[in-house]
Amino acid sequence: MFVAASTRCWPDLELQASIELLQDLDFTAIEIAIHESSAHCRPSDVLSDEDRGIQLLRHTHRLEISGYSVELESTGEQHYTDFEGICRIAKATKVVNIAVPSSEKGTPFNEEVEHLRRLVKIAEGEGVRVNVRSMLGCLSEDPDTLLVLCNNVDGLGVTLDPSVPLVAAHENASAGKTMAGGKGFDQILKFVHNVHLRDTRKDAFQVSVGQGEVDYGKLVTQLEREKYTRALTIDMTPMDEHDHRVELRKLRRLLETLI
């Protein structure tokens with residue numbers, strides 16, 4: 001295992017500025033967010049000129065790229081065409097893991113399965129692995145649903161975010177609902193190919209490092225049991241009341257003591 005940081009840690013900066021800050025904080029690996037809503041790297045920009053996009057993404061100041069987090073706004077057939085382009089770029093930049101969002105809660109399960117199967121097939125053609133992200137408000141917020149998705153989509157992996165089931169279970173309990181996966185995520189660990197981390201309380205998705213309930217030591221032990229050798233990716237956004245550099249440094253050092 002190794003510690004990485006997402007460029008989403010600096011969402012308002014240009015890509016190179018974000019990378020330079022993470023390098024200054026002694027990170028050696030990064031996950032690059034290619035999101036249409038991003039200030040620093042949009043799918044439409046890298047796809048409009050793939051050669052230029054490849055050069056942009058390669059300029060990482062010698063930091064290893066642990067993966068891409070991809071959010072496309074295109075729909076229909078254009079969505080799959082765009083995703084194929086992202087996979088070509090991933091292959092050219094020697095990136096294996098791509099994290100994608102799942103659909104919102106309420107989306108028909110079979111529809112989501114067919115969508116993910118198509119993404120996996122496209123990615124496999126370029127030697128890339130698709131990981132569906134744990135996300136609040138989406139089908140993937142429930143670990144049991146993630147397990148069923150992985151069992152129905154051959155080759156699908158998971159980008160595990162331990163904050164999601166923690167907060168989702170609390171929100172469902174507050175609403176008088178029961179969330180089957182609220183007790184943990186042991187059942188999906190064998191499918192995990194990426195991890196997103198921050199500190200979290202049940203009632204707050206992100207809090208200062210050390211003020212939350214994420215058990216990093218237990219998580220690392222669970223991942224070691226599954227022979228996980230990939231990234232522990234810090235995915236924290238700035239908080240007004242805290243020095244973001246200090247928060248990132250604290251979590252990096254904590255994780256490094258555990259691996």
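How many disulfides does the count come to? I began my notebook with that. I keep in mind that this is a predicted model.

**Entry 1: cysteines**

I recalled what I was looking for. A disulfide is a covalent bond between the sulfur atoms of two cysteines. The cut-off I applied is a pair of cysteine sulfur atoms within 2.5 Å. The count comes to zero disulfides.

Then I turned to Cys41. Cys41 is in no disulfide either, as its nearest cysteine sulfur, that of Cys87, is 15 Å away.

Are these two residues buried or exposed? I noted a relative accessible area of 0% for Cys9, which is therefore buried. Cys41 has a relative accessible area of 1%, so I wrote it down as buried too.

**Entry 2: the barrel**

Next I traced the strands. I found a closed barrel of eight strands. Its order is β1-β2-β3-β4-β5-β6-β7-β10, and the pairing is parallel. From one strand to the next, the twist averages 30°.

Strand β1 covers residues 2–6 and strand β2 covers residues 29–35. They run parallel and are joined by two bridges. Which residue in β2 is the bridge partner of Ser6? I found Glu31.

**Entry 3: a hairpin**

I moved on to β8 (residues 199–201) and β9 (residues 204–207). This pair is antiparallel, with two bridges. I noted that Asp199 has Val207 in β9 as its bridge partner. β8 and β9 form a hairpin, and two residues sit between them.

**Entry 4: a pocket**

Last, I looked for empty space. Rolling a probe the size of a water molecule over the atoms shows where empty space is left. I picked the second largest pocket, which holds about 270 Å³ of space.

Which residues are closest to the centre of this pocket? Of the 16 lining residues, I listed His79, Pro101, Ser102, Ser103 and His115. I then asked which elements supply the lining. β3 (64–71), α4 (76–92) and α5 (109–124) each supply at least two residues. α5 gives the most, with four residues.

Conventions
Residues are numbered from 1 along each chain as its sequence is written. This is a predicted model: local features need pLDDT of at least 70, side-chain atom pairs count only at pLDDT 80 or more; totals for chains, interfaces and linings use all residues. Side-chain values use heavy atoms; hydrogens and water are left out. Buried means under 20% relative accessible area, exposed over 50%, partly exposed in between (1.4 Å probe, protein chains only). Two strands pair if DSSP finds at least two bridges between them. Axes are lines fitted to C-alpha atoms, for helices over the stretch in contact, and angles run from 0 to 180 degrees between N-to-C directions. On a 1 Å grid over the protein atoms alone, a cavity is a set of points where a 1.4 Å probe fits but cannot get out, and a pocket is an open set with protein on both sides within 12 Å along at least five of seven lines; lining residues have an atom within 4 Å of a point. Grid points are joined across faces, edges and corners, and a volume is the space filled by probe spheres set on the points.
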